[in-house]
Amino acid sequence: MRQMRLRFPQLERRLRMFLRSRSCIAGALSIIAMFVAACDSGSDSAPAPTASGVQGADGSATTSGRPTLTGSSIQPPPQDKQEARDSGRPKVVFDPCTWVPDDAVAKLGFDVSSRARLADAVGEYTFLTCQFDSKDSGLQLLSGNITLEEDKAKYSQQIRQQGLQIDGREAIIVNKTGSQDCQLDMRTKVGYFEVAVIMNTPGLVKGIKGCDQIVETATALEPYIGKDN
């Protein structure tokens, strides 16, 4: 009986503690419910989330928020290397491997399952890349923070056509000597976007040349850069 008398006070203390904790929990839940209700009532007037900003070549802000492909093997590399920061060049916003959708690639006649990154570079200069294959040719895309003026100087002896406009973007066509491959480089806010057609043997046998449809290909891909870029 003595043991029972000792246990009851202990049980009473535990019961009081439990009821006290229940009261605290109920109070917390009540506060949370009030907070959620307040958030719901103001949701109609709340601003939509904004995209993270990236500085453009002219110092203005460039937004990068848009749906992108999420496959782990095609994600771009981080651009926070010290060498890239020290370069003073803006980050590359437009990533062709995650921003250009499958349907756009398929319409151009390339195999969407072949999507893969090329050799991305992050350092003094940054280039984000992507490639696709077809039986006749390959499609290589590159988005970099070298200006179109620097690009023109690099290919000054190989520019086939300049003064082009792709939906308002200045562009040049580069056709390297002795090659059936072709590339079109168009201006972006932080640099330029390169669309290159690399000929495969079956395409060459058919007499297809890389520059045959380069303007049409670039025009179809240009909208995915985004107006802010």
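The structure, a predicted model, holds 1 cavity of 30 Å³ or more. Here a cavity is a set of points on a 1 Å grid over the protein atoms alone where a 1.4 Å probe fits but cannot get out; points are joined across faces, edges and corners, and the volume is the space filled by probe spheres set on them. The largest cavity comes to about 40 Å³. Its lining (residues with an atom within 4 Å of a point) is made up of V92, V93, F94, S143, T188, K189, V190 and N229. Sorted by class, that gives 4 nonpolar, 3 polar and 1 charged residues, with Ala, Val, Leu, Ile, Met, Phe, Trp, Tyr, Cys and Pro taken as nonpolar, Asp, Glu, Lys and Arg as charged, and the others, Gly among them, as polar.

A word on the ground rules. Residues are numbered from 1 along each chain as its sequence is written, and side-chain values use heavy atoms, with hydrogens and water left out. As the model is predicted, local features need pLDDT of at least 70 and side-chain atom pairs count only at pLDDT 80 or more, while totals for chains, interfaces and linings use all residues.

F94, one of the cavity-lining residues, also turns up among the aromatic rings. A search of the whole structure gives 2 aromatic pairs, where rings of Phe, Tyr and Trp (its six-membered ring) pair if their centres lie within 6.5 Å, and planes under 30 degrees apart count as stacked, over 60 as edge-to-face and the rest as tilted. The F94 and W99 rings sit 5.7 Å apart at their centres with planes at 70°, so this pair is edge-to-face. F94 and F193 are also paired edge-to-face, at 4.9 Å centre to centre and 85° between the planes. That pair links distant parts of the chain, 99 residues apart: F94 is in the loop between α2 (82-87) and α3 (96-99), and F193 is in strand β9 (residues 192-199). Helices (H or I, at least four residues) and strands (E, at least two) are DSSP runs, numbered from the N terminus. F94, W99 and F193 make one aromatic cluster. F94 and W99 are both buried, and F193 is buried too; buried means under 20% relative accessible area, exposed over 50% and partly exposed in between (1.4 Å probe, protein chains only).

As for the chain overall, there are 7 helices and 9 strands, and 34% of the 229 residues count as buried. T201, in helix α6 (residues 201-205), counts as exposed because its relative accessibility is 58%.

Methods: 1 Å grid on protein atoms, 1.4 Å probe; cavity = no way out; pocket = protein on both sides within 12 Å on 5 of 7 lines; lining within 4 Å.
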